[in-house]
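Have a look at the picture first, then read on.

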Amino acid sequence: MEKRDFAFDKVNYILLAIGMAVVVIGFLLMSGSGSTDTNYDPDIFSARRIKVAPVVCLAGFVAMIYAVVRRPKDKEEIL
């Protein structure tokens with residue numbers, strides 16, 4: 001069977017999945033109950049929502065960019 005040249009290999013897809021999972025975890029860290037007109041919730045300004053979750057999301061997006069830009073290793077090509 002003829003070998004096809006794909007832009008991504010198995011490792012690229014694994015890195016994409018890991019990056020997407022990290023982004024989802026970051027958005028889950030941002031979620032929670034909010035304030036209403038009658039009830040003020042100071043948890044909306046917690047460090048988890050303001051600092052940690054955006055950094056986790058950013059790390060996930062960077063991992064996904066790396067997964068897209070990463071060039072698969074060609075076993076036959078010797079540089």
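The chain has 2 helices and 0 strands; here helices (H or I, at least four residues) and strands (E, at least two) are DSSP runs, numbered from the N terminus. Keep in mind that this is a predicted model, where local features need pLDDT of at least 70, side-chain atom pairs count only at pLDDT 80 or more, and totals for chains, interfaces and linings use all residues. Residues are numbered from 1 along each chain as its sequence is written, and side-chain values use heavy atoms, with hydrogens and water left out.

**The whole chain**

How much of the chain is buried? Of the 79 residues, 18% are buried, a label for under 20% relative accessible area, with exposed meaning over 50% and partly exposed in between (1.4 Å probe, protein chains only). Among contacts (heavy atoms within 4.5 Å) with a separation of 6 or more, 66% are between residues 24 or more positions apart.

| Residue | Relative accessibility | Class |
|---|---|---|
| Phe8 | 25% | partly exposed |
| Asn12 | 0% | buried |
| Met20 | 42% | partly exposed |
| Val56 | 22% | partly exposed |

Let's start with Asn12, which sits in helix α1 (residues 10–30). Not counting residues up to four places away in sequence, Asn12 touches Ala67, Arg70 and Pro72.

Met20 is in helix α1 too. Together with Val24 and Leu28, Met20 makes a nonpolar surface patch of about 280 Å².

Now hop over to Val56, in helix α2 (residues 47–69). Which residues does Val56 contact, leaving aside neighbours within four places in sequence? They are Val22, Ile25, Gly26 and Leu29. The C-alpha atoms of Val56 and Phe27 are 8.6 Å apart, while the two residues are 29 residues apart along the chain.

**A pair of rings**

The structure holds 1 aromatic pair. Phe8 and Tyr13 form this edge-to-face pair, at 5.5 Å centre to centre with 80 degrees between the planes. Rings of Phe, Tyr and Trp (its six-membered ring) pair if their centres lie within 6.5 Å; planes under 30 degrees apart count as stacked, over 60 as edge-to-face and the rest as tilted.

Conventions:
Patch = residues over 30% accessible without salt bridge, like charges linked within 9 Å, V, L, I, M, F, W, Y side chains within 5 Å. Areas by Shrake-Rupley, 256 points an atom, 1.4 Å probe, with all protein chains shown as cover. Salt bridge = Lys/Arg side-chain N within 4 Å of Asp/Glu carboxyl O.
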